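Thank you all for making the time this morning. Let me put the structure up on the screen, and then I will go through it piece by piece.

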Amino acid sequence: MKSLEELRALREKMKSQTDNRSVAGSDETVIKVGMATCGIAAGARPVLDALLDEAGKRHLHNVSISQTGCIGMCRLEPIVEVFRDGQKYTYVHMTAEKARRVIVEHVVNGNVCAEYLVGEN
Amino acid sequence: MFRSHILVCGGTGCTSGNSIKVYEALVHRIYKEGLDKEVHVTQTGCFGLCALGPIMIVYPEGAFYSQVKVEDVDEIIDEHIIKGRIVTRLLYKETVAEDGSIKALNDTNFYKKQHRVALRNCGVINPEKIEEYIAYDGYEALGKVLTEMTPQDVIDVISRSGLRGRGGAGFPTGRKWQFAKNSVGDKKYVCCNADEGDPGAFMDRSILEGDPHAVIEAMAIAAYAIGSDQGYIYVRAEYPIAVQRLTIAIQQAREYGLLGKNIFGTDFNFDLDIRLGAGAFVCGEETALMTSIEGHRGEPRPRPPFPAVKGLFGKPTILNNVETYANVPQIILKGADWFASMGTEKSRGTKVFALGGKIHNTGLVEIPMGTTMREIIYDIGGGCPNGKKFKAAQTGGPSGGCIPAHLIDTPIDYDNLIAIGSMMGSGGLIVMDEDNCMVDIAKFFLEFTVDESCGKCTACRIGTKRLYEMLCKVTDGTATLEDLDKMEELCYYIKENSLCGLGQTAPNPVLSTLHYFRDEYEAHVRDKRCPAGVCKKLLRYQVVADKCKGCTLCARNCPVGAITGTVKEPHVIDPEKCIKCGVCMEKCRFGAIIKA
């Protein structure tokens, strides 16, 4: 270890390994993927993998990504719910590509991807 | 990024409950299901709630599973990890609210009043991975110290924080470091006392097992402050997991250049070695510890000269306890004022206690100084099991004393404990209920110090032995009231004339129990009776004739044939033959056998 910068760079890299190792705080964005039988059958797993991968690549530390059970609208699966600032956004008919866009547009830049929301479909 | 983390406790308590097997089974299943990219299984240090081990916690839900067996692993994976349904039957029941929802762990009684500083990474990180320590701000304090602060700045911060030695005596850490810095010497040493020997104390062990890098980082900071380049950790060989994790941690720190030459590109060099203690209690005393590191027989020597002037190998040395070091990186990062804002006027910060004895939640707790004994025992510890009445708490191990029930509202800090005749000690807290005999407790600790006295000074070697014999007379019922006064006199003699802390504090358990529970001593002496029914020589088992149905069960189970009687007639115990094993009382279905 030759400098403090080197240590900090390593820490930044390692943080992605320990993210999600706590109960999400109130200032965190919580993302849940419906992963009951209906969700998995409709392709929820690539969606979850894409969310995790994209968040990891971008070193997002204030995001908690996890799975949940059946949300109820099985015909609209895969469903991704984003909880932010007390609001709930339900994205439906998700794919891995759409999931990556949600991370970039909604989580990073704060612009809701309105075209994927449940009301629009 | 992982969607879920499964943390399995790998502390000594849970390991002895087979947590390694649980961990292996989890890893096996996760790989089998192809979930290893999504779910991360880690072994951590102690969570604190050792009574409920093996423990595991699943994030981000924060599900706290207790008493997990290998057979439960499949259910946890199938239900929780794959389907997202928490396995309620395995949850620590305190975390389940009345409506069935899960409460955060920090809202449970056991954790609510705790404030984890020294234990902050225990149960959070994998102690065998330096990268995880670094992810939680590890070695940032060392980097800050080396690149932004002068040695004097470091000592000033530690002094202002009010940190006092957590090993027992409570000497201000900053002042100790200042003495060592001011001492002139071509070579100086930094030592860590991990020779935790008090019966019932396991906080240093848990810190070393759960967060060894915190101690290594703090020792490097201390070395920079006093101008040293070599450190030693003196740890008991009886702590195999701690030794193993320390060894791994030192190796990893060397690989990253956090120990060795030119740390952080500065001209600061520091390296560490482990020295194993062979199990002598006296080696926890600082001068004996250093004598032992030097390779000699672990015997104390008179002070002054203090170690800061003439310590290890005759060079200026600082010696701090594991828990003291564990606080240091946080103080550097968060500032002296942050640390000083916790605790009481003269005892700043937090203290780790190892709860043991007659208490519900056996385990490790860290609380701000000034918390009352009542809060620790009832709110955090959950009180005495089986509805028994709390009688006293013993702090400070063989050097401390008993705190009786009527002083339960005393705020705990160094000075208050000394004022009521006990001491902080390393932080073992043994809870006793109405079934404990206080004379017997004093005898237990005295027996320990008699065994562990190194024998160098007469007051300790012979004094403790004689004191122990007097206590035996009391528990045998052959003592006189005069003996009690003689005992007290001998206590003060030993305290005043012993060479080191071991002898000077050895009579404390006797003095404090004599002070607070003299009536119990007198009951033994005058009435030849042990009120708690512990001292065997004074014990007599009797059959209550009215309740005895003559079932002969007791007579059949008595190992010495001391019980006689005919079927369906009340039986009789022959006190001459009885060895007071208590089997008859255990076996009797009618409660007809009592201790008198």
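I start with one pair of residues in chain A: A:Arg84 has A:Gln87 as its bridge partner in strand 4 of chain A. Before I go further, please keep in mind that this is a predicted model, in which local features need pLDDT of at least 70 and side-chain atom pairs count only at pLDDT 80 or more, while totals for chains, interfaces and linings use all residues. Residues are numbered from 1 along each chain as its sequence is written, and chains are lettered from A and ligands numbered from 1 in the order in which they are written.

Strand 3 and strand 4 of chain A form a hairpin with two residues between them, and in the turn A:Asp85 has a positive phi of about 50°.

Where does the mixed pairing show itself? Strand 1 (residues 29-34) of chain A runs parallel to strand 2 of chain A, with six bridges between them, and one residue to look at there is A:Ile31, whose bridge partner in strand 2 of chain A is A:Ile65. Strand 1 of chain A also runs antiparallel to strand 3 of chain A, through four bridges, and here A:Val33 has A:Val80 of strand 3 of chain A as its bridge partner.

Now to chain B, whose secondary structure comes to 24 helices and 17 strands. Its radius of gyration is 27 Å, which agrees with the value near 25 Å that a compact globule of 596 residues would have; the radius is taken over C-alpha atoms, and the globule rule is 2.2 Å times the number of residues to the power 0.38.

How do the two chains touch? In all, 27 residues of chain B are in contact with 30 residues of chain A, where contact means that the C-beta atoms of two residues, placed from the backbone, lie within 7 Å. On the side of chain B that touches chain A, two or more residues each come from strand 1 (4-9), helix 5 (130-135) and helix 6 of chain B, and helix 5 of chain B gives the most, with four residues.

Helix 6 (residues 140-148) of chain B also packs against helix 10 (residues 212-226) of chain B, at an angle of about 15° and with the axes 9 Å apart. That makes helix 6 of chain B roughly parallel to helix 10 of chain B, since angles under 35 degrees count as roughly parallel, over 145 as roughly antiparallel, 65 to 115 as roughly perpendicular and the rest as oblique.

Helix 10 of chain B packs in turn with helix 13 (residues 322-334) of chain B, at an angle of about 75° and with the axes 8 Å apart, and that makes these two helices of chain B roughly perpendicular.

Finally, chain B has an open sheet of five strands in the order 10-9-13-11-12, again with mixed pairing. Within that sheet, strand 9 (residues 350-357) and strand 13 (residues 428-433) of chain B run parallel and are joined by four bridges, and B:Ala354 stands opposite B:Gly428 in strand 13 of chain B.

Notes: Axes are lines fitted to C-alpha atoms, for helices over the stretch in contact, and angles run from 0 to 180 degrees between N-to-C directions. Two strands pair if DSSP finds at least two bridges between them.
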